[in-house]
Amino acid sequence: KILGLLYKMLLTRFLKIDGMIIYSLLMPTLSLSIALSSFNIQTVCNQNISQNTNSIRNILKSALKINIVTSSIVSLIILALFPFAKALYGSYLIYYPILTIIPLIYFSNLSGIMKGYLEAKKNFITPALSNLLEQIAKIILSIVFIFLVKNKGIYIKVIMAFLAMSLSEIFSFCFLIYKITRKNKIYWSRTIDSNKKAIFKQAAPLTIDHLIISIISFFEPIIYFYFCNLNNIPKETSAKIYALTNQYAIPALTIILFIPLTISKIIFPEASKSINCLDNIHKKIDLAIITIFACSLFNFNLCRFHNDKLLHFLYKDTSSKNITIFLSYFFIIIYFSPLLVGILQAQKKELFLLIESLILNIISICTLIALTFIKNVNVLAYPLAIASSSLLKVIINFIYLRIKLNYSFSIPGTLVLILSLALNIIIETKLDTSFFSLVYANLISLTVIVLYYYLSNKRKPVLSHMMHK
């Protein structure tokens, strides 16, 4: 994650704000391509291998074959996009960076399957090392390409950025293949059709879910620019807000999101072992929620009260300051999203996630359109719409866990988390925005949370013993 942040710092300095606008416009296309071609096989592969240890090879081979076919179809669609490039992006030149993502589609998806297989086998070290190798390769290649094209046009620089991304993914894939085949021989015999059908059936709702999100992400900027223009907001202004939100504010706000993502990956195999029942991992989920809250609290302090120093350190640019402060309140809760989605996927609630995604994305688009007509907030319509939609998703998922899976975080625990947040805000507001205030505020809040968790767990065995008597 630190190397990824270093890459982002390098990229923003290399491309500047004009290049980052083009880069941010292309990212929804990349996300849409990955969502459509990956068929969400990584999650399905992880889940099926965790539950069916006797047919690992067949599951893995079926997943690989499905993924190669879907990646090929998406690549052909990208090749056919050239006549529409000007209508979609306003320039034919923007099509050429898109071509460089075709290798990325193949190797990213294949790497995803390998990682899903390893994580199901509770091998988290190899995927982590492959991610590390990918980031190192990306940084080195970016530095080399920056040197080679430093005097070239902005589109050439964007092409080099995407090319570095594709090549680094190839390095990661080769590393994963080497590590897996060194210990496991995979023979390409005929796979069992039932495995393919099972994977396809399970992956379809998840893929449609991701596809809906990616399609909305693809059309969101177009809708945002159109309605901003309709309300006399220049396209340059709306495009800048879009780039500042996606390439500056959100990366800063998700600077430690790797911790919730890691926790989600660790809990996923455990949660998939007993469907419609979370009693066996209730305590683990409690601990995960407390840990994630501590992370989100630190992130909130950093982005809300120390944003000038943070943004200047990351980008040497503080133009996204107001957006970062505004979104920091939402991200206190949004940090729980990876954990909740991971648990629901492990519990095979793909259909619920699909319906939820569809409804929330429609709400997000409607909110975006409505806000562009409100004079005082129309420029910030985009960040407000995506943040409110993400926040609502977390709230709905918590409610679903309570109603359908009989899991709920205790009311005293919730009050303690709210108290620690209030203490944080009071301390940061009263003290100057120095490193000392950041450390002091987080230590006080963390002490309150840890003390509550310790006392609540110490009391539970006593109550259990009394009930048994």
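Which residues have the most contacts inside the largest nonpolar core? In this predicted model, that core has 102 residues, and those with the most contacts inside it are Tyr 23, Phe 162, Tyr 224, Ile 267, Phe 293 and Leu 339. With residues up to four places away in sequence left out, Ile 267 touches Ile 281, Lys 284, Ile 285, Ala 288, Leu 339 and Ile 343. Another core, of 11 residues, lies apart from the largest one and includes Leu 60, Ile 113, Phe 173 and Leu 176. In soluble globular proteins, nonpolar side chains tend to be buried together.

Two packed helices are described by the angle between their axes and the distance between the axes. For helix α14 (residues 321-334) and helix α17 (residues 381-404), the axes come within 9 Å and cross at roughly 10°. Because angles under 35 degrees count as roughly parallel, α14 is described as roughly parallel to α17. On the α14 side, the contact is made by Ile 323, Phe 326, Leu 327, Phe 330, Ile 333 and Ile 334. Helix α17 contributes Pro 383, Leu 384, Ala 387, Ser 388, Ser 390, Leu 391 and Val 394. Of the residues in this contact, 11 are nonpolar, two are polar and none is charged.

Helix α17 also holds Asn 397. This residue has a relative accessible area of 0% and is therefore buried, since the term applies to values under 20%. Apart from residues up to four places away in sequence, Asn 397 touches Leu 340, Val 341, Leu 344, Phe 352, Leu 353 and Glu 356. One of these, Phe 352, is placed in helix α16 (residues 350-371). Phe 352 and Asn 397 are separated by 45 residues in sequence, and their C-alpha atoms are 9.7 Å apart in space.

Lys 321 lies in helix α14 and Asp 308 in helix α13 (residues 307-315), so the pair ties together parts that are 13 residues apart in sequence. Lys 321 is partly exposed, with a relative accessible area of 29%. Asp 308 also counts as partly exposed, at 38% relative accessibility.

Key: Residues are numbered from 1 along each chain as its sequence is written. This is a predicted model: local features need pLDDT of at least 70, side-chain atom pairs count only at pLDDT 80 or more; totals for chains, interfaces and linings use all residues. Side-chain values use heavy atoms; hydrogens and water are left out. Axes are lines fitted to C-alpha atoms, for helices over the stretch in contact, and angles run from 0 to 180 degrees between N-to-C directions. Helices (H or I, at least four residues) and strands (E, at least two) are DSSP runs, numbered from the N terminus. Angles under 35 degrees count as roughly parallel, over 145 as roughly antiparallel, 65 to 115 as roughly perpendicular and the rest as oblique. Contact means heavy atoms within 4.5 Å. Ala, Val, Leu, Ile, Met, Phe, Trp, Tyr, Cys and Pro count as nonpolar, Asp, Glu, Lys and Arg as charged, and the others, Gly among them, as polar. Buried means under 20% relative accessible area, exposed over 50%, partly exposed in between (1.4 Å probe, protein chains only). A nonpolar core is a set of buried Ala, Val, Leu, Ile, Met, Phe, Trp, Tyr and Cys residues joined through side-chain atoms within 4.5 Å.
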